[in-house]
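Have the sequence handy as you read.

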Amino acid sequence: MPNIHRRSFLMSSALASVAGGPIMAASSLPLAVAGSLCDDDGEVVPFSGEGRRPMGRPYGSGLDGRQLLDLRKLAEDRLVTDNDQFFIRTRYPSELDPADAQAWKLKFGGLVDQEQEIVLSDLQDEVEDMGVHVMECSGNGRFGGFGLMSAAQWSGFRVTKLLDRIKPQDSATAVMIAGFDQHARRSRNSRRGASWVFTFDQLKSTGAFLATRMNQQAIPQDHGFPVRLVVPGWYGCTSAKWVDTITLVDDNEPATTQMREFASRTHQRGVPELAKDYRAASMDLAAMPVRVQKKTVDGNSVYTLTGIIWGGDRATDKLVIRFNRGTDYVPVDSYEHKTNQTWTLWRHRWTPDRPGRYRIQLQVDDPEISTQRLDRGFYTRSIEVT
Ligand SMILES: Nc1nc2c(c(=O)[nH]1)N[C@H]1C(S)=C(S)[C@@H](COP(=O)(O)O)O[C@H]1N2
Ligand SMILES: [Mo]
């Protein structure tokens with residue numbers, strides 16, 4: 001293989017060919033996947049030891065309803081997920097009558113001067129473009145090829161703006177945002193209730209918003225129609241769908257069932273009793289490979305890895321990768337990390353020196369950047385080199 005060491009070359013050749021290059025005809029791949037790949041990166045190598053759940057279509061119902069995104073399809077020009085591909089965690093509640101969505105109201109209560117209801121359609125004029133944000137379920141994992149994450153462009157209005165309209169009492173310190181969550185079928189794994197308590201500061205600093213449009217379309221039912229919360233940079237469990245109630249609370253407010261259920265997945269210390277004792281459920285900077293391709297060049301197997309970097313609160317150029325414990329981390333070949341709002345692709349070429357199983361692990365070589373999940377090997381993925 002040519003000895004490529006310049007980032008700019010890799011960016012322009014490898015990424016450009018993903019976007020516009022020839023389409024490969026790989027019999028081993030579903031057509032939809034093959035369609036987004038280019039032949040010069042070779043055949044896709046599966047990750048070992050991961051679940052084999054269906055990808056790209058919903059399964060299960062209610063609280064157990066899921067849809068996984070096939071991350072192998074990500075490419076430079078496919079970093080915004082189509083509405084019908086966006087991952088699902090909990091499907092449209094059986095007890096929610098779609099007719100109710102027509103005259104949807106937001107109820108404001110708790111520590112406010114006066115309880116009130118605002119008709120959602122009366123907020124139409126406030127709706128603005130909120131940009132593209134990546135969302136990840138805190139319960140994402142190997143079982144589903146890490147497919148419980150997606151990115152979409154949202155339109156809506158900031159929660160802080162809404163709070164200006166209803167007058168919180170001086171004693172109010174936080175806001176509980178709740179979504180409809182009544183499902184006829186019980187779940188063994190999930191509890192009902194999807195509310196989270198945010199401080200005013202958290203709502204402000206994250207730019208949390210109530211979304212009414214997803215990728216310029218009405219939000220699909222499974223994603224929260226007619227209105228859902230989006231908390232940029234935080235795990236999806238904080239972003240209630242089918243939002244109907246906003247309650248002003250103080251420091252004595254108990255943690256909600258949702259907060260307790262997701263305490264360990266959002267890296268809390270234990271399961272605090274009070275909402276005020278929960279840390280921000282923000283996503284640390286993380287990175288993982290999403291596609292490994294193999295081709296033969298001059299008799300050698302050359303692997304091209306495509307991956308994502310997401311989360312965190314600042315951009316980095318210190319992304320490093322290793323191919324097994326005990327080996328050295330090396331800088332990732334090519335990426336331009338500019339935003340934490342959505343995911344960024346990276347690419348890396350690798351020539352293994354012997355067959356075997358390799359655990360691919362990424363890190364950020366910067367002590368200033370918190371990477372709790374990377375530190376624990378949460379996003380490590382393995383491949384078999386034959
Ligand atoms: N009402 C309600 N909202 C909810 C949930 C839920 O079970 N019920 N699940 C949460 C979780 S755990 C995640 S990860 C996100 C997923 O949003 P999505 O299904 O649109 O991808 O929704 C959140 N909002
Ligand atoms: Mo989640």
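Which side chain of opposite charge is nearest to Glu136, and how far away is it? That's Arg373, at 4.0 Å, where Lys and Arg count as positive, Asp and Glu as negative, and His and the chain ends are not counted. Even so, Glu136 has no salt bridge (a side-chain nitrogen of Lys or Arg within 4 Å of a carboxyl oxygen of Asp or Glu). Glu136 is also buried; buried means under 20% relative accessible area, exposed over 50%, and partly exposed in between, using a 1.4 Å probe and protein chains only.

Glu136 sits in strand 6, residues 128-136. Its side chain makes a polar contact of 3.0 Å with that of Trp310. (A polar contact is a pair of N or O atoms within 3.5 Å; within protein, one must be able to donate a hydrogen and the other to accept it, and residues adjacent in sequence count only if both atoms are side-chain atoms.) Leaving out residues up to four places away in sequence, Glu136 touches several others, including Phe87, Tyr235, Met283 and Tyr379; contact here means heavy atoms within 4.5 Å.

## How the model is read

This is a predicted model, with local features needing pLDDT of at least 70 and side-chain atom pairs counting only at pLDDT 80 or more, while totals for chains, interfaces and linings use all residues. Residues are numbered from 1 along each chain as its sequence is written, chains are lettered from A and ligands numbered from 1 in the order in which they are written, and side-chain values use heavy atoms, with hydrogens and water left out.

## Ligand 1

Ligand 1 is surrounded by 20 residues, and Phe87, Thr90, His223, Arg228 and Lys241 are the closest (the cut-off is a heavy atom within 4 Å). One of its oxygen atoms is 2.6 Å from a polar backbone atom of Phe87. A nitrogen atom of ligand 1 is 2.8 Å from an N or O atom in the Asp181 side chain, and a nitrogen is 2.9 Å from a polar backbone atom of Ser239. The protein covers 100% of the 530 Å² of accessible area that ligand 1 has on its own (Shrake-Rupley, 1.4 Å probe).

## Two loop residues

Gln216 lies in the loop between strand 10 (209-214) and strand 11 (217-218). Why is Gln216 called exposed? Because its relative accessibility is 58%. The Gln216 side chain has a polar contact of 3.1 Å with that of Gln153.

Pro254 is in the loop between strand 13 (243-249) and helix 5 (257-261). Helices (H or I, at least four residues) and strands (E, at least two) are DSSP runs, numbered from the N terminus. Pro254 counts as partly exposed because its relative accessible area is 44%.
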